[in-house]
Amino acid sequence: MPLLELSFNEILQALDPAIKETLIMVGMSSVATVLLGLPLGVVLFTTQRGGIIANPVLSVALSTIANITRSIPYAILMLSLIPFTRWLVGSSIGPQAACVSLTIGAVPFFARLVESALRDVHSGKVDAAHAMGSTRMQTITKVLLPEAAPSLVAAVTTTVVTLVGYSAMAGLIGGGGLGRLAYNYGYQRFEPTVQLVTIAILVGMVQLIQVLGDVVIRYVDHR
């Protein structure tokens, strides 16, 4: 369709469901990633050699799985997970189906960021907690996580921004959202206006997420 045949109202009508689908994909996968990735990151940190729950065998096994998953490009990962996605949610297309691969792709990435954030906590504070008789769980919940809060918020922000980009790729493989809109109209139907608007919206989302993340970091940072 030529560019002039697509009116402003038609662009808005196409954008509305695409934005909603992108928000669904990013929102659901972000929540799932934090819920799964935070404990995984804690386990990766606490079970490493010299950790408060040292278990080198478990640490190496989880690290290997995380590294393998992170090394697979997202587009390939999504295609590889189609049978599992279809079994889990009953379909391999749509925003909900895309959330499966988005979450699986982002969890090890976020877990590594959590591990790095916890590593930055001064070991003296952990030793002090032990000296005062804190249990391992108390040390994790009362010392490690609160002390690493600013870095953890930054990790969440980085992960959500990454998921915005992943969601656009998911759209090219049946996930819907802005990525699918940009491909269908901007590429296949030669509508550069739609493509530029889509890019502008994605950039705006990333900027908003980053600003909100920075605000929260300043709020939780009491150093």
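Which side chain meets that of D16 in a salt bridge? The partner of D16 is K20, at 3.5 Å from N to O, where a salt bridge is a side-chain nitrogen of Lys or Arg within 4 Å of a carboxyl oxygen of Asp or Glu. The model is predicted, so local features need pLDDT of at least 70 and side-chain atom pairs count only at pLDDT 80 or more, while totals for chains, interfaces and linings use all residues. Residues are numbered from 1 along each chain as its sequence is written, and side-chain values use heavy atoms, with hydrogens and water left out.

D16 and K20 are four residues apart in helix α1 (residues 8-46), about one helical turn; helices are DSSP runs of H or I of at least four residues, numbered from the N terminus. D16 is partly exposed at 42% relative accessible area, and K20 is partly exposed at 48% (buried is under 20%, exposed over 50%, partly exposed in between; 1.4 Å probe, protein chains only).

The count of salt bridges comes to four. In helix α5 (residues 95-119), E115 and R112 lie three residues apart, and their closest N and O atoms are 2.7 Å apart in a salt bridge. Both E115 and R112 are buried. A further salt bridge joins E147 to K125, with the closest N and O atoms 2.8 Å apart. E147 belongs to helix α7 (residues 136-147) and K125 to helix α6 (residues 123-131), so the pair ties together parts 22 residues apart in sequence. E147 is partly exposed at 33% relative accessibility, as is K125 at 38%. Salt bridges with shared partners join R112, E115 and R119 into one network.

Conventions. Helix = DSSP H or I, 4+ residues; strand = E, 2+ residues; numbered from the N terminus.
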